[in-house]
Structure formats: C-alpha cells, structure tokens
Amino acid sequence: MANTAPSSDEPVRPGLYGDRVVAVEPGGIEFIPASERHGRPSQMLWTWIAPNLEFATVFIGVLAVGVFGLPFWQAVVALTIGTALGAIAHGLLSARGPRYGVPQMVLGRAAFGYWGNLLPSGLMAITAGIGWFAVNSVSGAFALSALSGLPALASLVIIVVIQIAIAFFGHNLVHAFERYALIFLGVVFAMSSFVLLGKTQPAAATHPLPGSFLLTVGTAFGYAAGWNPYAADYTRYLPESTSPRAVGVSAGFGLFIACMVLEIAGAASVTAGGTSATNPVSAFTGQLPTVLAHLTLLAVALGAIAANVLNTYSGAMAFLTMGIKLPLKLRRAVVALLFGAIGFLLAWSALADAGTEYTNFLLIIAYWIGPWLGVFFADQLMRRGQRVDAHLYDAHYRNRAGPVAMLIGMVVSILLFSNQELFVGFIARQVPDIGDITFLVGFVLAAGLYVLLRRGPD
C-alpha cells in the first residue's frame with residue numbers, strides 16, 4: 001500500500017506545488033500524493049537546528065542556573081536528560097511522516113479518533129500557533145530593540161510581519177528559509193557560545209530551589225518536546241521510500257544538538273554574571289565583544305523568526321485538524337494570518353514580564369505533551385506495523401480510549417505533581433524536593449490507561 005490516499009472526506013492535496021519555493025502552498029491538511037513528494041532526510045537537520053538557534057533556547061539554560069539555582073555542571077546534566085527525552089520522541093514521530101504523507105495531528109486520529117483528536121489538536125493550536133508564537137516574538141523584539149534602539153512594540157511589529165509572511169507561503173519556503181538562516185545563525189551562535197563558555201565560572205555560588213534538578217529536566221523537556229506535535233508536518237513531503245531511520249536521526253539530532261549548545265551557553269552566561277529581568281537578551285549579549293554582541297542580537301531576532309514560521313505553520317494545520325471546514329483553496333495560509341494576529345496581541349501583553357511568563361509556559365507545554373505522547377506511542381506499539389490510513393479522515397471513526405486516557409493522565413498528574421507559580425500540586429506541596437515530574441507521570445499514566453481501555457481491533 002504505497003502512496004495511496006486514505007479513504008476520506010478530505011481530498012488529496014491539489015497538485016502543481018511540487019518543490020516550488022516562491023508559491024503559496026495550496027490546501028491545508030490533505031494527503032500528499034507521490035507526484036508532490038520531494039526532498040531528502042538530511043534537510044531535517046537544518047529544519048530543526050535553525051529554529052532552535054534562538055534566545056528562547058538560551059533562556060532554558062539561564063533558568064536552570066539563574067532561577068532554579070543549579071550549579072553549572074548539575075544544570076548541564078539536567079538539561080541533557082530533558083532535551084534528550086524530547087529529541088528522541090521527536091525523531092520517532094518524524095520518521096512516520098513519509099510513510100503516511102499527512103501532518104502530525106492528523107496521524108493522531110488513529111489513537112484518539114476523529115473527534116477525540118480535538119483535545120490534542122486544540123491544545124496544539126493554542127500553544128503552538130499562539131503561545132510559542134508570542135514567546136519567540138518577545139525575544140526577537142527584545143533583540144531588535146536592543147540592536148536598533150527602536151521601542152519594543154515597534155520591534156515586535158516588524159518581527160511579527162516577517163514571520164507571518166513566510167508562514168503564509170508555506171512548506172517549501174519554510175524549509176528554504178531554515179536552510180539559509182542556519183548559515184548565519186550557526187556561525188554567530190557558535191562564536192558567542194565559545195566566548196561565553198570561556199567565561200564560565202563552574203564554582204560560582206548557587207542557591208538551588210527545592211527539586212531544582214527535576215524542575216530543570218521538566219523545563220528542558222517542555223522546550224524540546226514542544227516541537228513533537230509538529231514532527232510529521234515537515235517530513236510528510238518526503239518520498240515514501242525514504243528511510244525512516246535516516247529521517248528520525250536527522251530530525252532528532254538536529255533538535256538535540258542545537259538545544260544543548262545554546263542551553264549550555266545560557267547556563268554559562270549566568271555563572272559569568274549575566275542576568276536581567278527587564279531585557280534578558282541584552283544581559284546575554286552584554287558579555288560579548290561589541291561587534292559579536294551586535295551580530296548576536298541580529299541572530300536572536302532572526303532565530304525568533306526561524307522558530308515562529310514553524311509555530312505559525314503547524315499551529316494553523318492543528319487548527320484545521322479540529323474538523324473546521326473552510327471553503328478556501330488557501331485555508332491554511334489564511335489561518336496562519338489569523339494566528340499571527342492573535343499571537344501578536346499576546347506577545348504585546350507579555351513584554352513587561354517575559355521571564356516569568358516563559359517559565360510557566362514551558363511547564364504547561366510539558367503537562368499536555370507528556371500524556372499525549374503516552375497515548376500516541378502506546379497506540380503505535382499495540383498496532384505494531386498495522387497501517388492506519390483508513391482512520392485518518394474518517395469522521396465516523398471513534399477511539400474513546402485515547403482522549404479519556406490523555407485527559408485522566410493530565411488531570412491526575414497536574415493535581416498531584418504540578419510545581420510552578422500558577423499551581424502547586426498536592427504531592428509537590430508535601431514533598432517539594434520532588435521538583436516537577438508532571439510530564440513523566442502523565443506519560444506513564446496515560447500510556448497505561450490507554451492499554452487497559454483499548455479493546456480489540458478497530
């Protein structure tokens with residue numbers, strides 16, 4: 001069964017797009033036919049390295065040392081564990097894109113059912129298309145403001161307009177932009193990381209919060225796994241004959257290496273004395289030589305754009321996966337415009353207290369992605385090689401075990417183990433040294449419940 005469109009109420013994506021870069025991608029979440037497939041697994045490297053070469057990644061390391069209070073080397077270990085977990089999951093999910101030719105949230109319909117999939121798709125539309133868009137727009141605006149002297153709001157407007165324009169065109173321009181952005185971002189961030197690592201003070205005095213190690217693991221996982229619901233979106237155009245292993249390794253490694261380099265650089269910058277609540281971007285670049293500092297500010301702004309074109313693109317597709325019908329040939333592009341506008345308003349409101357808002361957001365991301373991954377991987381394991389094409393666009397297909405297991409996993413893990421400013425769970429209050437293991441508990445609980453609730457073949 002190779003390159004066969006699933007039987008569905010959703011048509012096969014119209015042709016005449018192919019590998020054209022300066023063309024608006026037609027349609028939305030349709031199956032990609034063989035005639036439209038193109039690309040190589042290696043392109044997943046730049047697709048996932050470039051968007052993670054941004055200040056939001058640096059700030060994970062800043063949080064580990066500057067907020068959670070971990071010593072430098074403990075921070076490195078915690079960051080590695082959390083990032084590795086998210087990157088492994090990302091590789092496994094990316095590998096399924098060429099086989100099915102559909103976006104990641106559409107693939108989730110097998111585990112959640114057509115309408116049960118509203119739960120993860122709705123959460124992703126909000127967190128990716130709006131939440132992550134706002135987070136990265138803020139860091140990009142801070143960088144552009146520090147570099148140009150423009151007010152933060154004016155800088156925010158410039159960043160948002162560029163992001164929306166690229167996402168509006170769609171898949172091919174997104175890939176091309178990431179490829180060429182990587183050249184500048186890779187060189188600049190490599191130089192700035194080298195300078196900051198040379199200034200590292202591993203023995204600097206620290207004051208760890210209770211459970212700071214696991215808080216860091218959860219935060220790093222939240223950042224890396226935040227990309228998981230996007231995974232197949234960027235591999236679905238690859239030919240079905242493409243090696244799943246090559247795709248998974250390229251995507252997972254690209255995500256892991258970019259995150260680790262900048263997270264460690266962020267941790268190093270704090271030990272060298274660089275923290276600021278008002279403009280953390282300026283504090284980071286203020287430790288660099290003048291010319292490199294200016295280049296790094298430009299790289300931060302460009303990196304925010306590289307991340308947000310993916311957020312806007314995938315957020316729009318998650319929204320369409322909710323079953324909302326728009327009789328427009330360019331419906332994905334139109335939804336991208338809408339998400340950009342809402343994300344701009346949210347980013348504007350967060351300019352005053354970006355650090356606190358970001359910390360809370362990262363943990364919340366992990367709270368729903370952990371149970372979602374638990375259900376998705378449990379379903380994949382139980383099917384063991386069976387194809388799920390027939391379920392992906394069938395509005396009558398039900399699989400209640402998925403949404404029930406995910407919802408219970410989320411509610412129970414949050415009520416018991418959440419450990420952040422907005423809410424502290426019962427067990428986390430009693431045993432603060434446990435940190436925040438909500439994502440792990442949610443994953444295990446949701447996976448176990450799904451196995452128990454799932455009854456027989458479809």
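I count a residue as buried when its relative accessible area is under 20%, as exposed when over 50%, and as partly exposed in between, with a 1.4 Å probe and protein chains only. By that cut-off I logged Ile-29 as buried, because its relative accessibility is 3%.

**Entry 1: ground rules**

I am working on a predicted model, where local features need pLDDT of at least 70, side-chain atom pairs count only at pLDDT 80 or more, and totals for chains, interfaces and linings use all residues. Residues are numbered from 1 along each chain as its sequence is written, and side-chain values use heavy atoms, with hydrogens and water left out.

**Entry 2: the whole chain**

I looked up the secondary structure and found 18 helices and zero strands in the protein chain. Helices here are DSSP runs (H or I, at least four residues), strands are E runs of at least two, and both are numbered from the N terminus. Of the 458 residues in the chain, 61% are buried. I then turned to contacts, meaning heavy atoms within 4.5 Å. Among contacts with a separation of 6 or more, 84% join residues 24 or more positions apart.

**Entry 3: back to Ile-29**

Ile-29 sits in the segment before helix H1 (43-49). I checked its C-alpha against that of Gly-101: they are 9.7 Å apart in space and 72 residues apart in sequence.

**Entry 4: His-90**

Is His-90 buried or exposed? His-90 counts as buried, because its relative accessibility is 0%. I placed His-90 in helix H3 (residues 72-94). Leaving aside neighbours within four places in sequence, its contacts are Trp-48, Trp-227, Asn-228, Ala-231, Ala-251 and Leu-255. For Ala-231, I also noted the C-alpha separation from His-90, which is 6.2 Å across 141 residues of chain.

**Entry 5: H2 against H10**

Two packed helices are described by the angle between their axes and the distance between the axes. I took helix H2 (residues 55-67) and helix H10 (residues 212-225), whose axes come within 10 Å and cross at roughly 175°. The axes are lines fitted to C-alpha atoms, for helices over the stretch in contact, and the angles run from 0 to 180 degrees between N-to-C directions. H2 and H10 are therefore roughly antiparallel to each other (over 145 degrees; under 35 is roughly parallel, 65 to 115 roughly perpendicular and the rest oblique).

Which residues of H2 and H10 meet? From H2 I listed Ala-56, Thr-57, Ile-60, Leu-63 and Ala-64, and from H10 Thr-216, Thr-219, Ala-220 and Tyr-223. By class, this contact has six nonpolar, three polar and no charged residues. Nonpolar covers Ala, Val, Leu, Ile, Met, Phe, Trp, Tyr, Cys and Pro, charged covers Asp, Glu, Lys and Arg, and the others, Gly among them, are polar.

I followed up on Thr-219 in H10, which is buried because its relative accessibility is 1%.

**Entry 6: Tyr-237**

Tyr-237 is in the loop between H10 and helix H11 (244-271). I marked Tyr-237 as buried, because its relative accessibility is 1%. Its C-alpha is 6.5 Å from that of Pro-98, a residue 139 places away along the chain.
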